[in-house]
Amino acid sequence: MASKTTDPRSLPVLSTRALNRATLARQLLLRRAAMSAKDAVTHLVGLQAQNVKPPYVQLAARLDAFDPAELSGLMASREVGRMVTLRSTIHTHTAEDCLALRPFVQPLIERELRVFRDGLVGVDLDRLAALSRELVEEQPLPLKELKASLVERWPGADPLALSIAARCLLPLVQVTPRGLWGRSGQVTLTTAQKWFGAQAAGGPGAATAGIAPETAVLRYLAAFGPASVKDMQTWCRLTRLGPVFERLRDQLLAFRDESGAELFDLPDAPRPDADTPAPPRFLPEYDNLLLSHADRTRVVPADYRKLTWNGNQGYRTFLVDGFLAGIWRLEDGTEGDAHGTLTLQAFGTLTRAQRDAVAEEGVRMLGSLSSATSPSYTVRFADFSGPAAT
(Lines give C-alpha, C1' and ligand atoms only; values in the text may rest on other atoms or scores of the structure.)
Protein backbone atom coordinates (compact mmCIF):
# COMPACT_ATOMS: atom_id res chain seq x y z
CA MET A 1 0.00 0.00 0.00
CA ALA A 2 1.02 3.62 -0.39
CA SER A 3 3.43 5.26 1.97
CA LYS A 4 2.01 8.00 4.16
CA THR A 5 4.55 10.42 2.79
CA THR A 6 3.50 13.06 0.28
CA ASP A 7 7.10 13.87 -0.71
CA PRO A 8 7.44 12.60 -4.29
CA ARG A 9 11.24 12.50 -3.97
CA SER A 10 10.99 9.42 -1.75
CA LEU A 11 8.77 7.48 -4.17
CA PRO A 12 9.79 4.88 -6.79
CA VAL A 13 10.30 6.31 -10.26
CA LEU A 14 8.34 5.07 -13.29
CA SER A 15 10.13 5.84 -16.54
CA THR A 16 8.27 7.21 -19.53
CA ARG A 17 8.43 3.81 -21.21
CA ALA A 18 7.13 2.10 -18.08
CA LEU A 19 4.22 4.54 -17.98
CA ASN A 20 3.63 3.93 -21.67
CA ARG A 21 3.39 0.17 -21.26
CA ALA A 22 1.18 0.44 -18.18
CA THR A 23 -1.20 2.83 -19.92
CA LEU A 24 -1.35 0.70 -23.07
CA ALA A 25 -2.17 -2.34 -20.94
CA ARG A 26 -5.04 -0.49 -19.22
CA GLN A 27 -6.25 0.76 -22.60
CA LEU A 28 -6.30 -2.77 -24.07
CA LEU A 29 -3.73 -1.67 -26.65
CA LEU A 30 -0.77 -3.77 -25.58
CA ARG A 31 -2.64 -6.90 -26.58
CA ARG A 32 -6.20 -7.09 -27.83
CA ALA A 33 -8.69 -8.24 -25.21
CA ALA A 34 -11.17 -11.08 -25.48
CA MET A 35 -14.02 -9.17 -23.87
CA SER A 36 -17.40 -7.98 -25.00
CA ALA A 37 -17.90 -4.52 -26.48
CA LYS A 38 -20.07 -3.54 -23.54
CA ASP A 39 -17.46 -4.64 -21.02
CA ALA A 40 -14.82 -2.68 -22.93
CA VAL A 41 -16.94 0.48 -23.00
CA THR A 42 -17.43 0.09 -19.26
CA HIS A 43 -13.75 -0.55 -18.52
CA LEU A 44 -12.60 2.40 -20.64
CA VAL A 45 -15.17 4.68 -18.94
CA GLY A 46 -16.60 5.48 -22.34
CA LEU A 47 -15.34 6.14 -25.85
CA GLN A 48 -14.77 9.60 -27.28
CA ALA A 49 -17.49 10.03 -29.90
CA GLN A 50 -17.23 13.53 -31.30
CA ASN A 51 -17.79 11.86 -34.67
CA VAL A 52 -19.89 8.75 -35.32
CA LYS A 53 -17.28 6.21 -36.44
CA PRO A 54 -14.44 6.67 -33.90
CA PRO A 55 -15.99 4.40 -31.22
CA TYR A 56 -15.94 1.53 -33.70
CA VAL A 57 -12.31 2.18 -34.66
CA GLN A 58 -11.39 2.41 -30.98
CA LEU A 59 -12.82 -1.04 -30.27
CA ALA A 60 -11.34 -2.51 -33.46
CA ALA A 61 -7.91 -1.56 -32.10
CA ARG A 62 -8.60 -2.99 -28.66
CA LEU A 63 -10.76 -6.11 -28.97
CA ASP A 64 -10.04 -9.50 -30.43
CA ALA A 65 -12.38 -10.36 -33.33
CA PHE A 66 -14.41 -7.17 -32.90
CA ASP A 67 -17.56 -6.96 -35.01
CA PRO A 68 -19.05 -3.46 -35.49
CA ALA A 69 -22.51 -5.03 -35.38
CA GLU A 70 -21.96 -5.79 -31.69
CA LEU A 71 -21.55 -2.15 -30.67
CA SER A 72 -24.27 -1.07 -33.11
CA GLY A 73 -26.61 -3.63 -31.55
CA LEU A 74 -25.90 -2.23 -28.11
CA MET A 75 -26.79 1.21 -29.42
CA ALA A 76 -30.02 -0.05 -30.96
CA SER A 77 -31.06 -1.86 -27.78
CA ARG A 78 -30.25 1.24 -25.68
CA GLU A 79 -27.59 -0.53 -23.65
CA VAL A 80 -25.12 2.17 -24.71
CA GLY A 81 -25.69 5.71 -25.93
CA ARG A 82 -24.13 8.98 -27.03
CA MET A 83 -24.19 12.05 -24.80
CA VAL A 84 -22.12 14.98 -23.55
CA THR A 85 -20.03 14.02 -20.51
CA LEU A 86 -16.25 14.17 -20.03
CA ARG A 87 -14.60 17.46 -21.06
CA SER A 88 -18.05 18.60 -22.24
CA THR A 89 -17.64 16.41 -25.33
CA ILE A 90 -19.76 13.61 -26.74
CA HIS A 91 -18.91 10.12 -25.50
CA THR A 92 -20.36 6.68 -26.04
CA HIS A 93 -21.15 5.19 -22.62
CA THR A 94 -23.15 2.34 -21.25
CA ALA A 95 -26.64 3.33 -20.13
CA GLU A 96 -25.49 2.99 -16.52
CA ASP A 97 -22.55 5.31 -17.05
CA CYS A 98 -24.61 7.86 -18.98
CA LEU A 99 -26.83 8.20 -15.94
CA ALA A 100 -24.01 8.07 -13.39
CA LEU A 101 -21.27 10.15 -15.04
CA ARG A 102 -23.41 13.05 -16.22
CA PRO A 103 -24.17 14.28 -12.67
CA PHE A 104 -20.47 13.92 -11.84
CA VAL A 105 -19.42 16.30 -14.63
CA GLN A 106 -22.53 18.51 -14.50
CA PRO A 107 -20.72 21.43 -12.76
CA LEU A 108 -18.25 21.54 -15.66
CA ILE A 109 -20.98 21.45 -18.30
CA GLU A 110 -23.00 24.19 -16.65
CA ARG A 111 -19.94 26.46 -16.65
CA GLU A 112 -20.36 26.66 -20.43
CA LEU A 113 -23.41 28.83 -19.82
CA ARG A 114 -21.15 31.70 -18.79
CA VAL A 115 -19.97 32.02 -22.37
CA PHE A 116 -23.56 32.45 -23.59
CA ARG A 117 -24.97 34.57 -20.77
CA ASP A 118 -25.36 37.67 -22.99
CA GLY A 119 -27.71 35.69 -25.22
CA LEU A 120 -29.78 34.49 -22.27
CA VAL A 121 -30.73 37.80 -20.68
CA GLY A 122 -34.26 37.55 -19.33
CA VAL A 123 -34.41 33.77 -19.74
CA ASP A 124 -35.58 31.78 -16.71
CA LEU A 125 -33.17 28.83 -16.87
CA ASP A 126 -35.30 26.64 -14.62
CA ARG A 127 -38.27 27.22 -16.91
CA LEU A 128 -36.09 26.60 -19.98
CA ALA A 129 -34.93 23.27 -18.56
CA ALA A 130 -38.48 22.23 -17.67
CA LEU A 131 -39.86 23.21 -21.08
CA SER A 132 -37.00 21.49 -22.91
CA ARG A 133 -37.59 18.31 -20.92
CA GLU A 134 -41.30 18.37 -21.79
CA LEU A 135 -40.55 18.83 -25.47
CA VAL A 136 -37.90 16.11 -25.92
CA GLU A 137 -39.62 13.59 -23.67
CA GLU A 138 -42.90 13.95 -25.57
CA GLN A 139 -40.92 12.79 -28.60
CA PRO A 140 -37.20 12.98 -29.50
CA LEU A 141 -36.53 16.23 -31.33
CA PRO A 142 -33.88 17.28 -33.83
CA LEU A 143 -31.76 20.08 -32.41
CA LYS A 144 -33.16 22.49 -34.99
CA GLU A 145 -36.75 21.85 -33.88
CA LEU A 146 -35.88 22.14 -30.19
CA LYS A 147 -34.20 25.45 -30.88
CA ALA A 148 -37.22 26.73 -32.83
CA SER A 149 -39.58 25.84 -29.98
CA LEU A 150 -37.41 27.64 -27.45
CA VAL A 151 -37.20 30.73 -29.66
CA GLU A 152 -41.00 30.88 -29.71
CA ARG A 153 -40.96 31.12 -25.91
CA TRP A 154 -38.03 33.57 -25.74
CA PRO A 155 -37.97 35.45 -29.08
CA GLY A 156 -35.52 38.05 -27.79
CA ALA A 157 -32.86 35.52 -26.79
CA ASP A 158 -30.05 34.18 -28.93
CA PRO A 159 -31.23 30.91 -30.55
CA LEU A 160 -27.83 29.24 -30.24
CA ALA A 161 -27.58 30.21 -26.58
CA LEU A 162 -31.02 28.70 -25.93
CA SER A 163 -30.08 25.36 -27.46
CA ILE A 164 -26.73 25.30 -25.66
CA ALA A 165 -28.51 26.03 -22.38
CA ALA A 166 -30.86 23.09 -22.93
CA ARG A 167 -27.89 20.82 -23.64
CA CYS A 168 -26.06 22.06 -20.54
CA LEU A 169 -29.00 21.87 -18.15
CA LEU A 170 -30.38 18.50 -19.25
CA PRO A 171 -28.70 15.10 -19.81
CA LEU A 172 -29.64 14.86 -23.48
CA VAL A 173 -28.90 11.66 -25.43
CA GLN A 174 -28.48 11.44 -29.20
CA VAL A 175 -31.02 8.80 -30.18
CA THR A 176 -30.59 6.21 -32.91
CA PRO A 177 -30.25 5.77 -35.85
CA ARG A 178 -27.40 8.24 -35.29
CA GLY A 179 -24.44 6.26 -34.06
CA LEU A 180 -25.45 2.96 -35.64
CA TRP A 181 -22.91 1.27 -37.89
CA GLY A 182 -23.64 1.82 -41.57
CA ARG A 183 -26.57 4.15 -40.80
CA SER A 184 -26.91 7.90 -40.68
CA GLY A 185 -29.19 10.34 -39.00
CA GLN A 186 -29.30 13.90 -37.78
CA VAL A 187 -28.74 14.74 -34.12
CA THR A 188 -32.07 14.01 -32.42
CA LEU A 189 -32.39 14.35 -28.67
CA THR A 190 -34.25 13.12 -25.64
CA THR A 191 -33.30 12.84 -21.98
CA ALA A 192 -31.15 10.00 -20.67
CA GLN A 193 -33.86 9.04 -18.20
CA LYS A 194 -36.44 8.77 -20.98
CA TRP A 195 -34.17 6.90 -23.38
CA PHE A 196 -32.65 4.41 -20.96
CA GLY A 197 -35.14 4.33 -18.11
CA ALA A 198 -34.04 5.26 -14.59
CA GLN A 199 -33.78 1.59 -13.68
CA ALA A 200 -30.66 1.29 -15.86
CA ALA A 201 -28.59 2.72 -13.02
CA GLY A 202 -30.28 0.74 -10.29
CA GLY A 203 -33.33 2.88 -9.61
CA PRO A 204 -34.45 6.51 -9.59
CA GLY A 205 -32.04 7.49 -6.82
CA ALA A 206 -29.04 6.05 -8.62
CA ALA A 207 -30.04 7.78 -11.82
CA THR A 208 -29.75 11.23 -10.26
CA ALA A 209 -27.09 10.86 -7.55
CA GLY A 210 -24.22 10.18 -9.93
CA ILE A 211 -20.99 8.32 -9.44
CA ALA A 212 -19.07 8.99 -6.22
CA PRO A 213 -15.85 10.97 -6.80
CA GLU A 214 -13.84 8.19 -5.14
CA THR A 215 -15.31 5.61 -7.51
CA ALA A 216 -14.55 7.86 -10.47
CA VAL A 217 -10.89 8.08 -9.37
CA LEU A 218 -10.58 4.30 -9.09
CA ARG A 219 -12.16 3.74 -12.48
CA TYR A 220 -9.96 6.38 -14.09
CA LEU A 221 -6.82 4.76 -12.69
CA ALA A 222 -7.98 1.33 -13.88
CA ALA A 223 -8.26 2.65 -17.44
CA PHE A 224 -5.55 5.36 -17.58
CA GLY A 225 -3.20 4.92 -14.63
CA PRO A 226 -0.70 5.34 -13.16
CA ALA A 227 -1.70 8.99 -13.11
CA SER A 228 -1.46 12.26 -11.24
CA VAL A 229 -4.26 14.41 -9.90
CA LYS A 230 -3.69 16.80 -12.81
CA ASP A 231 -3.94 13.89 -15.24
CA MET A 232 -7.42 12.97 -14.03
CA GLN A 233 -8.48 16.59 -14.02
CA THR A 234 -7.42 16.79 -17.67
CA TRP A 235 -9.44 13.66 -18.45
CA CYS A 236 -12.70 14.97 -17.00
CA ARG A 237 -11.87 18.70 -16.85
CA LEU A 238 -13.07 18.96 -13.28
CA THR A 239 -10.86 20.67 -10.70
CA ARG A 240 -10.04 20.28 -7.01
CA LEU A 241 -9.79 16.50 -7.10
CA GLY A 242 -6.69 16.45 -4.88
CA PRO A 243 -8.69 15.86 -1.67
CA VAL A 244 -10.40 12.86 -3.27
CA PHE A 245 -7.04 11.25 -4.03
CA GLU A 246 -5.91 11.99 -0.47
CA ARG A 247 -8.93 10.18 0.93
CA LEU A 248 -7.93 7.17 -1.17
CA ARG A 249 -4.20 7.36 -0.50
CA ASP A 250 -4.10 4.36 1.85
CA GLN A 251 -5.77 2.23 -0.85
CA LEU A 252 -3.34 3.23 -3.60
CA LEU A 253 0.28 2.87 -4.56
CA ALA A 254 2.29 6.02 -5.14
CA PHE A 255 5.11 6.62 -7.63
CA ARG A 256 6.72 9.56 -9.35
CA ASP A 257 7.48 10.16 -12.98
CA GLU A 258 10.80 11.30 -14.42
CA SER A 259 9.88 14.96 -13.86
CA GLY A 260 9.07 14.34 -10.18
CA ALA A 261 5.26 14.48 -10.35
CA GLU A 262 3.46 12.18 -7.93
CA LEU A 263 1.47 9.39 -9.54
CA PHE A 264 -1.19 7.16 -8.02
CA ASP A 265 -2.20 3.66 -9.03
CA LEU A 266 -4.28 0.64 -8.08
CA PRO A 267 -2.20 -2.02 -6.28
CA ASP A 268 -3.33 -4.87 -8.53
CA ALA A 269 -3.32 -2.99 -11.86
CA PRO A 270 -0.94 -4.19 -14.60
CA ARG A 271 2.43 -2.44 -14.85
CA PRO A 272 4.31 -4.40 -17.52
CA ASP A 273 8.06 -4.23 -17.94
CA ALA A 274 9.17 -1.20 -19.92
CA ASP A 275 10.66 -3.47 -22.59
CA THR A 276 7.41 -5.34 -23.23
CA PRO A 277 6.78 -5.36 -27.01
CA ALA A 278 4.04 -3.00 -28.15
CA PRO A 279 2.56 -3.80 -31.58
CA PRO A 280 1.41 -1.01 -33.93
CA ARG A 281 -2.11 0.24 -33.30
CA PHE A 282 -4.44 2.49 -35.31
CA LEU A 283 -6.54 5.08 -33.49
CA PRO A 284 -9.35 7.34 -34.68
CA GLU A 285 -9.47 11.09 -34.24
CA TYR A 286 -9.90 12.18 -30.62
CA ASP A 287 -9.02 8.82 -29.05
CA ASN A 288 -9.03 9.22 -25.27
CA LEU A 289 -5.58 7.65 -25.03
CA LEU A 290 -4.20 10.93 -26.41
CA LEU A 291 -6.45 13.30 -24.43
CA SER A 292 -6.57 12.01 -20.88
CA HIS A 293 -3.32 13.08 -19.22
CA ALA A 294 -1.88 16.49 -18.40
CA ASP A 295 1.55 15.13 -19.33
CA ARG A 296 1.01 13.27 -22.60
CA THR A 297 4.65 12.30 -23.14
CA ARG A 298 3.85 8.77 -21.97
CA VAL A 299 2.33 8.31 -25.45
CA VAL A 300 2.97 11.50 -27.40
CA PRO A 301 6.63 12.53 -27.92
CA ALA A 302 6.98 16.22 -27.17
CA ASP A 303 8.03 17.04 -30.75
CA TYR A 304 4.87 15.43 -32.15
CA ARG A 305 2.22 16.94 -29.89
CA LYS A 306 1.05 19.61 -32.36
CA LEU A 307 1.24 17.42 -35.45
CA THR A 308 -2.09 15.64 -35.02
CA TRP A 309 -4.27 18.74 -35.04
CA ASN A 310 -5.36 21.30 -37.60
CA GLY A 311 -7.20 23.89 -35.55
CA ASN A 312 -9.80 21.94 -33.57
CA GLN A 313 -9.80 19.04 -36.02
CA GLY A 314 -7.96 15.96 -34.85
CA TYR A 315 -6.35 13.51 -37.25
CA ARG A 316 -6.39 9.73 -37.10
CA THR A 317 -3.14 8.43 -35.69
CA PHE A 318 -1.08 5.28 -35.39
CA LEU A 319 1.34 4.04 -32.73
CA VAL A 320 4.70 2.37 -33.25
CA ASP A 321 6.48 0.82 -30.26
CA GLY A 322 3.67 2.21 -28.12
CA PHE A 323 4.18 5.86 -29.03
CA LEU A 324 2.47 8.23 -31.46
CA ALA A 325 4.28 7.83 -34.78
CA GLY A 326 2.10 9.26 -37.55
CA ILE A 327 -1.31 9.91 -39.06
CA TRP A 328 -3.48 7.89 -41.44
CA ARG A 329 -6.40 8.30 -43.77
CA LEU A 330 -8.48 6.06 -45.98
CA GLU A 331 -8.91 7.28 -49.54
CA ASP A 332 -11.34 6.00 -52.19
CA GLY A 333 -13.37 4.38 -49.43
CA THR A 334 -14.55 4.67 -45.85
CA GLU A 335 -14.46 2.41 -42.81
CA GLY A 336 -16.86 -0.41 -43.57
CA ASP A 337 -16.06 -0.53 -47.28
CA ALA A 338 -14.34 -3.52 -48.84
CA HIS A 339 -11.59 -1.53 -50.53
CA GLY A 340 -9.66 1.72 -50.51
CA THR A 341 -6.16 3.12 -50.18
CA LEU A 342 -4.72 3.40 -46.70
CA THR A 343 -2.30 6.33 -46.71
CA LEU A 344 0.23 6.51 -43.88
CA GLN A 345 2.35 9.52 -42.99
CA ALA A 346 5.02 8.82 -40.39
CA PHE A 347 6.49 11.70 -38.42
CA GLY A 348 9.93 10.10 -38.33
CA THR A 349 11.85 7.33 -40.05
CA LEU A 350 10.48 3.81 -39.72
CA THR A 351 12.50 0.67 -40.30
CA ARG A 352 11.40 -1.73 -42.99
CA ALA A 353 10.14 -4.13 -40.32
CA GLN A 354 8.16 -1.34 -38.66
CA ARG A 355 6.64 -0.27 -41.99
CA ASP A 356 5.59 -3.83 -42.72
CA ALA A 357 4.07 -4.24 -39.25
CA VAL A 358 2.21 -0.93 -39.49
CA ALA A 359 0.82 -1.80 -42.92
CA GLU A 360 -0.27 -5.24 -41.73
CA GLU A 361 -2.03 -3.79 -38.68
CA GLY A 362 -3.74 -1.13 -40.78
CA VAL A 363 -5.16 -3.71 -43.16
CA ARG A 364 -6.24 -5.88 -40.21
CA MET A 365 -8.01 -2.93 -38.58
CA LEU A 366 -9.87 -1.97 -41.75
CA GLY A 367 -10.75 -5.59 -42.46
CA SER A 368 -12.33 -5.96 -39.03
CA LEU A 369 -14.63 -3.04 -39.86
CA SER A 370 -15.64 -4.38 -43.28
CA SER A 371 -18.65 -6.57 -43.89
CA ALA A 372 -16.95 -8.20 -46.89
CA THR A 373 -15.48 -11.68 -46.46
CA SER A 374 -12.32 -10.74 -48.40
CA PRO A 375 -11.78 -6.96 -48.27
CA SER A 376 -8.84 -5.58 -50.23
CA TYR A 377 -6.84 -2.47 -49.36
CA THR A 378 -3.84 -0.78 -50.91
CA VAL A 379 -1.28 0.67 -48.49
CA ARG A 380 0.98 3.56 -49.38
CA PHE A 381 3.43 5.56 -47.30
CA ALA A 382 3.56 9.30 -47.99
CA ASP A 383 6.00 11.93 -46.76
CA PHE A 384 4.82 14.04 -43.85
CA SER A 385 5.18 17.77 -44.39
CA GLY A 386 2.89 19.06 -41.66
CA PRO A 387 -0.79 18.73 -40.70
CA ALA A 388 -1.90 20.64 -43.80
CA ALA A 389 -0.62 17.72 -45.88
CA THR A 390 -3.61 15.68 -44.81
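User: How do I read a bridge between strands, and which residue in β12 is the bridge partner of Arg 281?

Analyst: Strands of a sheet pair through backbone hydrogen bonds, either parallel or antiparallel. Here, the bridge partner of Arg 281 in β12 is Leu 319, and Phe 282 stands opposite Phe 318 of β12. Three bridges join strand β9 (residues 281-283) to β12, and the two run antiparallel. Two strands count as paired if DSSP finds at least two bridges between them; strands (E, at least two residues) and helices (H or I, at least four) are DSSP runs, numbered from the N terminus. This is a predicted model, in which local features need pLDDT of at least 70 and side-chain atom pairs count only at pLDDT 80 or more, while totals for chains, interfaces and linings use all residues. Residues are numbered from 1 along each chain as its sequence is written, and side-chain values use heavy atoms, with hydrogens and water left out.

User: Which strand pairs with β12 over five bridges?

Analyst: That strand is β13, which pairs with β12 in the antiparallel sense, and Leu 319 has Leu 324 of β13 as its bridge partner. The two strands form a hairpin with two residues between them, and Asp 321 in the turn has a positive phi of about 55°. Four of the five residues of β12 (residues 316-320) are buried, so this strand is largely enclosed by the rest of the structure. Buried means under 20% relative accessible area, exposed means over 50%, and partly exposed lies in between (1.4 Å probe, protein chains only).

User: What is the strand order of the five-stranded sheet, and which strands stand at its edges?

Analyst: The five strands form an open sheet in the order β9-β12-β13-β14-β15, and the pairing is mixed. At the edges stand β9 and β15 (376-381), which have a single partner strand each, so one side of each lacks a neighbour in the sheet. From one strand to the next, the twist averages 30°. Helix α3 packs on this sheet and touches β9 and β13, its direction making about 165° with that of β9. Such angles run from 0 to 180 degrees between N-to-C directions, and axes are lines fitted to C-alpha atoms, for helices over the stretch in contact.

User: How do I describe two packed helices, and at what angle do α3 and α14 cross?

Analyst: Two packed helices are described by the angle between their axes and the distance between the axes. The axes of α3 (residues 54-62) and α14 (residues 352-368) come within 9 Å and cross at roughly 125°, and the two helices are therefore oblique to each other. In this scheme angles under 35 degrees count as roughly parallel, over 145 as roughly antiparallel, 65 to 115 as roughly perpendicular, and the rest as oblique. In this contact, Val 57, Ala 60 and Ala 61 of α3 meet Arg 364, Met 365 and Ser 368 of α14.

User: How many of the residues of helix α12 are buried?

Analyst: Six of the eight residues of α12 (residues 229-236) are buried, so this helix is largely enclosed by the rest of the structure. Among them are Val 229, Met 232 and Trp 235. The buried residues of α12 pack against α5 (95-111), α11 (213-224), α13 (242-248) and β8 (262-265).

User: Is Ser 385 buried or exposed?

Analyst: Ser 385 lies in the segment after β15, and at 66% relative accessibility it counts as exposed. Ser 385 and Pro 140 are 245 residues apart in sequence and 45 Å apart in space, C-alpha to C-alpha.

How values were computed:
Contact = heavy atoms within 4.5 Å.
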